[in-house]
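Subject: Structure handover

Hello,

Here is the structure we discussed, with the sequence alongside. My notes follow below it.

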Amino acid sequence: MAKKALVTGITGQDGAYLAQLLLEKGYEVHGLARRSSTSDVNLTRLEWLGIEREVRITDGDLLDLSGLVRTMQDVKPDEVYNLGAQSFVKSSWQQPILTGQVTGLGVTNVLEAVRLEKSDARFYQASSSEMYGLIQEPMQSETTPFYPRSPYAVAKLYGHWLTINYRESFGLHASSGILFNHESPLRGIEFVTRKVTDAVARIKLGMAKELRLGNIDAKRDWGHSKDYVRAMWMMLQQDVADDYVIATGRTTTVRDMCKIAFNHAGLNIDDHLIIDPVLFRPAEVDVLLGNPQKAKEKFGWEPKITLEEMIVEMVEADLKRLSK
Ligand code: NDP
Ligand code: GDR
């Protein structure tokens, strides 16, 4: 019998790549997705990967416990991946309450649905390097203290600790992946890498002249979503649930990441980049650099795709998309 997985956030970047990976591994993949008035559900990313017909979509929302319980009863999953969230840090100052409800309390709803159903499903929580925030250690590991710097990060920290608490309180096989930034051609346009690769493609094609950014001195440890969803799956294959940092161990400024994109397109960054104070955040996470040693030692996870390869892939994908 094929294993069954339930993925919340199936319409997002990671949901799409995780679904693809699980289908390749022979899973029956169920995805929780929100209905909208414009389309039944937005399957654009699954369509991009050509897997929209293979994933079984269930209407649902992380705020709706009874719907989640019903989904657990119907699907009876072996593995639950909780990827759903209001995931854009900047929006979390604009919508702090919604972010707290979806990104924080939403985790309680999914964990409760697993517990109330007396399910022995293994659970994955999408925790974030944003939880480190104002860090005091040059390289962040599972033991680095947290200091969240946005309503999003505070909500993620709640979800992180609740996952640990349900593991310790009820014996759930619940793991958290503390994932550092990861990107791909399927990344939302509001995030900085995709904003940059989209703008570079537009400038190259004569459709735009400038790119406006905020703090380009911020440093991030960027990996590829495809590599990172593999780590999620690997975590749930371990006999004992635990928490793991998933990162590349290399940090780069936003400015240098931009240069990779501009250089690939044969453009000069100084001719197009404008710094716009409006795009600065109320509080910034200046630098993130993760230590993925534990994941490497425990289950042999390592990233395969470099930042340069990923940015080039994203620029090429945006050029193709915009040329159509
Ligand atoms: P996306 O923003 O691309 O996807 C978020 C998903 O959550 C979408 O499918 C969205 O659905 C869904 N969602 C939002 N609100 C609700 C709700 N109320 N009920 C049900 N679903 C909802 O994020 P990513 O794929 O990049 O990230 C996946 C997870 O990993 C997120 O939890 C994110 O916070 C976390 N994370 C991401 C990192 C990254 O660098 N990408 C790093 C660390 C953690 P819809 O399409 O309807 O909006
Ligand atoms: P982040 O990603 O906040 O790290 O959260 P984002 O790409 O939004 O920002 C990265 C850094 O770039 C700086 N920046 C800009 N960012 C955006 N979006 N737009 C701009 O114009 C801009 N100019 C400069 C930001 O200030 C920041 O320092 C992502 C999300 O996926 C979270 O859900 C996830 O938890 C973390 O990564 C790890």
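In this predicted model, helix α5 passes helix α6 in a right-handed crossing. The contact involves P96, T99, G100, T103, G104, V107, T108, L111 and R115 on the α5 side. From α6 it takes P151, Y152, A155, K156, Y158, G159, L162, T163, Y166 and F170. Sorted by class, these are 10 nonpolar, 7 polar and 2 charged residues.

Two packed helices are described by the angle between their axes and the distance between the axes. Here the axes of α5 (residues 96-116) and α6 (residues 151-170) come within 8 Å and cross at roughly 15°. Angles under 35 degrees count as roughly parallel, so α5 and α6 are roughly parallel to each other.

Ligand 1 is surrounded by 24 residues, the closest being G9, G12, G84, A85 and A126. Two or more residues of this shell come from each of α1 (13-24) and β5 (122-128). The largest share, 3 residues, is that of α1. By class, the shell around ligand 1 holds 14 polar, 7 nonpolar and 3 charged residues.

Regards

Technical notes. Residues numbered from 1 in each chain as written. Chains lettered and ligands numbered in written order. Predicted model: local features only at pLDDT ≥ 70, side-chain atom pairs only at ≥ 80, totals over all residues. Near = placed C-beta within 6 Å. Helix = DSSP H or I, 4+ residues; strand = E, 2+ residues; numbered from the N terminus. Nonpolar A, V, L, I, M, F, W, Y, C, P; charged D, E, K, R; others polar. Axes fitted to C-alpha atoms, helices over the stretch in contact; angles between N-to-C directions. Parallel < 35°, antiparallel > 145°, perpendicular 65-115°, else oblique. Left-handed = near helix turned anticlockwise from the far one by under 90°. Contact = placed C-beta atoms within 7 Å.
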